[in-house]
Amino acid sequence: MNPLSAPYYQEDYKLKDTKPQLGERWPHGGIRGAGGWISSERATSTYDLVEQMFYLYVRVEKARDLPTNPMSGSCDPYVEVKLGNYKGKTRHFEKRSNPEWKQVFAFSKEKIQSSVLEVFVRDREIVGRDDYIGKVVFDMNEVPTRVPPDSPLAPQWYRLEDRRDDRKVKGEVMLAVWIGTQADEAFPEAWHSDAATVEGEGVFNIRSKVYVSPKLWYLRVNVIEAQDVEPLDKSQLPQAFVEAQVGNQVLKTKLCPTRTTNPLWNEDLIFVAAEPFEEQLVLTVENKVTPAKDEPLGRLRLSLNVIERRLDHRPVHSKWFNLEKFGFGALELDKRHELKFSSRIHLRVCLEGAYHVMDESTMYISDQRPTARQLWKQPIGILEVGILSAQGLLPMKTRDGRGTTDAYCVAKYGLKWVRTRTLVDNFNPKWNEQYTWEVYDPCTVITLGVFDNCHLGGSGTKPDSRIGKVRIRLSTLEADRIYTHSYPLLVLNPSGVKKMGELQLAVRFTCLSLASMIYLYAHPLLPKMHYLHPFTVNQLDSLRYQAMNIVAVRLGRAEPPLRKEVVEYMLDVDSHMWSMRRSKANFFRIVSLFSGAISMSKWLGEVRYWKNPVTTILVHVLFLILICYPELILPTIFLYMFLIGIWNYRFRPRHPPHMDTKLSWADAVHPDELDEEFDTFPTSKQQDVVRMRYDRLRSVAGRIQTVVGDMATQGERFQALLSWRDPRATSLFVIFCLIAAVVLYVTPFKIITLVAGLFWLRHPRFRSKLPSIPSNFFRRLPSRADTML
């Protein structure tokens, strides 16, 4: 069954329009000035793509003159902030009466059920209950409101009070308490009441962060030649090759075709390197002694920091480098001999700054800028994304005997990655975080993924689970329009496609320069070096894989880490792997492309056979007009396309595209094909399963082989017209060409076209059901299929 023509389509998998209350809306009421809410309604544009969320912020700066414990003679203080049932604690300091914490606590105003905020200072005890030092109490009605872009509220010293009465005790604590929104600069680093159950190292894994991909370079090593390469066995000349290594990347040149002490290769080896450069370029000249044995002859180490950086296609000067000896040449006793005589290698090495290092597929690339910043153009637009919420998420794991999900969202565009905070134990998390990117090319894609955080207990070994992914192509967005939609989060599992929930987004693309954007549409997608000195397809695939690994490793070293499984899912690391489902989907994509041509041919067939006499007569009239006035042909074609484009404007898409299960062939895929898609590489299945899949692949490949063979046959028949493989057929065709040349020379072209058109449009009673003479002649021409084994 073709899913593209299936009448049934799950409504649940479609994009949905939403109408969230976007923008900063400050409610009426309260006291003006220092206390309560500000009394005028205000809307600002700094955070206008998310729903406003209000928080009570408590900044605990430091304390001074805290009393010591009379029993231990020291003080190990910490602060506990309590609001109703929510408690947050700072870290504790040992034996310090004047500690500095500099921590912020954020309590969601939606969940505040108390009118009093209490801040306790306690002395930690190893045995027994922690001692009480003092407290500070705030009335919630007196807490001031901070409205951006006001400066941060200055913290103040507060005298500690006794627990039982209001008398002051020794010691002071510096605090700042205010009500603000998620636009506050204290929001990302704050402890959140939504994650009050998270403790220890897990606190760092729930915070929102912005990451920047490492600056990637292509390292080009042109291995030209070597001189005076001596093997250990002096009786036999070496057959040398060069092995080059940068980090985990290892490449080898071809074997020198001749055995010589001065081998010549002249090969380019391309690597991916990331700033700051931590690895060295290590080249080893080796001798192929036997097919299973390689003998190192010399080694060279180069720091990447000293390598020349090339910003265009100008040639790089080559250099000779001395090789470190292996064997007897490297011994201390032989140093004097080594100075007199040394093997050396001729290289041309540079870091390519005019290429864009691709770490993602060109089908949904998010950045095309070259590595060197001085080659960047000015941005042509601004992309703003409000990550509002997720709805109806499924349980991803079990905690305390019940299903739960700790969701966070990751967005990637260009070099900038963003990660929202993790909302613990929530199937309908509301993040309401807004992020901004500069846009240098509209024909790019932003990718957003939702994941389940599996590292709330600190260091864990279980990878973060995928919940779903959304891609939005910027060129499909109208400028200065806010798109508010709920995107289905779809994941393909071995059991089939599954909806994991919905992601609500607000997206706006602002154009800064319309002229620059139009200018880009006439220029190549990638920097010009990709076309002046292109890489091979195999090189690009290998380099993309290496670049993805480097990005995953570097981002995994951040705090909190953006883990490898997250980066690989966002970059589609496995998109190049074989999949029967993808193959079918791509086949039907090709079929849909030809559907217009097929429909046109059917319509022309109906015209030829006079199915509708009125239409056929009109086509005859149009044909005669174009014959009489051939200069109208091209204007008519372009005018027709213009009218079609204007007509289709009424039916243009009103929303961005989303993951299409029908187009992906995800809702009609066989379970075994899905199991094959999720198999490891190399396979880990049983022998009989592998044999069955291999036979299935052979049958599919056999059909493809037949189609390709038929195409080759038709092409060879065209070649046979003048190749004299069939002397009689070629003789007939040559004579026909001579007669046609004479007739076309003496007969006006309009007459030839008119006669041919009328003959093609003749009435069915003048037609024969047998194939035409040209068709019969062409099918009798020989191909080379009969000479194949």
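Q: How many salt bridges does a search of the whole structure find?
A: This is a predicted model, in which local features need pLDDT of at least 70, side-chain atom pairs count only at pLDDT 80 or more, and totals for chains, interfaces and linings use all residues. Residues are numbered from 1 along each chain as its sequence is written, and side-chain values use heavy atoms, with hydrogens and water left out. A salt bridge is a side-chain nitrogen of Lys or Arg within 4 Å of a carboxyl oxygen of Asp or Glu. By that rule, the search of the whole structure gives a count of 36.

Q: Which strands hold glutamate 352 and arginine 220?
A: The side chains of these residues, glutamate 352 and arginine 220, form a salt bridge with an N to O distance of 2.6 Å. The pair ties together parts that are 132 residues apart in sequence, because glutamate 352 lies in strand E21 and arginine 220 in strand E12 (residues 216-227). Strands are DSSP runs (E, at least two residues), numbered from the N terminus. The strands asked for are E21 and E12.

Q: Are lysine 412 and glutamate 360 buried or exposed?
A: Lysine 412 and glutamate 360 form a salt bridge, with the closest N and O atoms 3.1 Å apart. Lysine 412 lies in strand E25 (residues 407-413) and glutamate 360 in the loop between E21 and E22, so parts 52 residues apart in sequence are tied together. Buried means under 20% relative accessible area, exposed over 50%, and partly exposed in between (1.4 Å probe, protein chains only). Lysine 412 and glutamate 360 are both buried.

Q: What is the relative accessibility of arginine 369?
A: Arginine 369 is found in the loop between strand E21 (344-352) and E22. Its side chain makes a polar contact of 2.9 Å with that of aspartate 367; such a contact is a pair of N or O atoms within 3.5 Å, where within protein one must be able to donate a hydrogen and the other to accept it, and residues adjacent in sequence count only if both atoms are side-chain atoms. Arginine 369 counts as buried because its relative accessibility is 14%.

Q: Which residue is the bridge partner of glutamate 384 in E27?
A: Five strands form an open sheet with antiparallel pairing, in the order E1-E30-E31-E22-E27; two strands pair if DSSP finds at least two bridges between them. Strand E22 (residues 381-391) is joined to E27 by eight bridges. In E27, glutamate 384 has as its bridge partner threonine 436.

Notes
Helix = DSSP H or I, 4+ residues; strand = E, 2+ residues; numbered from the N terminus.
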